[in-house]
Amino acid sequence: MSEQQALPEEAKDFWEQRYVQSVERARGKAGKFLQEFVSELAPKRALELGCSTGDDSLWLAEKGWQVTAVDISDHAVQTAQRLAQEAGLASKINFSAVDLAQSFPEGEFEFACALYFQSPYEFPRAQILQTAASRIVSGGHLLLVSHASGPPWGKQLHQHHVFPTLETEINDLGLNKTDWEYLDLSEKKRLAKGPEGQEAELKDNLIFARRR
Ligand SMILES: C[S@@+](CC[C@H](N)C(=O)[O-])C[C@H]1O[C@@H](n2cnc3c(N)ncnc32)[C@H](O)[C@@H]1O
């Protein structure tokens with residue numbers, strides 16, 4: 001049996017340390033599923049939960065969306081703000097460092113996304129996602145993508161993670177079928193690269209829904 005990796009007591013400290021110590025820029029490009037599902041939508045107001053260093057919000061802003069983006073890490077948000085400035089997109093994105101377990105941004109949105117919005121700490125994820133869904137206007141879309149498995153190179157940390165099934169995610173989200181239609185519900189596979197260039201096939205859950 002392997003030892004559990006000790007985590008800081010507070011989630012905020014964990015994410016802060018992670019971004020300060022090892023994540024200069026999370027991906028450097030928008031997520032594959034965001035590009036695939038959102039490219040054709042008419043850009044209006046978008047919300048991103050757990051925006052990290054802003055790759056997905058920057059892409060949305062480039063596509064013409066007015067973006068509200070939040071993350072618990074001050075450092076990640078500062079990096080995201082700097083990247084938005086450098087890209088000339090600062091006026092299109094309102095980034096803020098917020099613990100979504102404590103407060104939620106104001107407003108209504110035509111699109112909201114939570115991409116791998118997961119944490120090794122217990123937090124009211126389902127409730128946060130339900131709140132996001134409740135802020136989407138009629139005709140608007142919701143995109144949720146989550147890790148359904150962890151990479152072999154992250155075994156110690158992933159002992160603390162919950163990897164939900166698609167069914168659990170759908171139940172937790174609890175979208176009312178009278179108000180919502182699912183446009184895609186699937187388990188996706190993708191190839192990921194580890195810190196030493198090693199590759200592994202990972203599983204993701206994807207939910208793409210439209211408010212009627
Ligand atoms: C696994 S990362 C995913 C980041 C990014 N969305 C992506 O696709 O790469 C989860 C993100 O959620 C943020 N996060 C975790 N708990 C949070 C909370 N309670 N409130 C706001 N953000 C949180 C973390 O700081 C981190 O950036």
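Q: In which sense do strands β5 and β7 pair, and over how many bridges?
A: First, the idea: strands are DSSP runs of E with at least two residues, helices are H or I runs of at least four, both numbered from the N terminus, and two strands pair if DSSP finds at least two bridges between them. Here, β5 (residues 136-147) and β7 (residues 199-211) pair in the antiparallel sense over seven bridges. Leucine 142, for one, has alanine 209 in β7 as its bridge partner.
A: A word on the source: this is a predicted model, where local features need pLDDT of at least 70 and side-chain atom pairs pLDDT 80 or more, while totals for chains, interfaces and linings use all residues. Residues are numbered from 1 along each chain as its sequence is written, and side-chain values use heavy atoms, leaving out hydrogens and water.

Q: What is the strand order in the open sheet?
A: The seven strands run β3-β2-β1-β4-β5-β7-β6, with mixed pairing. β3 (93-97) and β6 (180-193) each have a single partner strand, so one side of each lacks a neighbour in the sheet.

Q: How do I read aromatic pairs, and how many does a search of the whole structure find?
A: Rings of Phe, Tyr and Trp (its six-membered ring) pair if their centres lie within 6.5 Å; planes under 30 degrees apart are stacked, over 60 edge-to-face, the rest tilted. The search finds six pairs. Phenylalanine 117 and phenylalanine 123 form an edge-to-face one, 5.2 Å centre to centre with 90° between the planes.

Q: Is phenylalanine 117 buried or exposed?
A: Buried means under 20% relative accessible area, exposed over 50%, partly exposed in between (1.4 Å probe, protein chains only). Phenylalanine 117 has 11%, so it counts as buried; phenylalanine 123, at 27%, is partly exposed.
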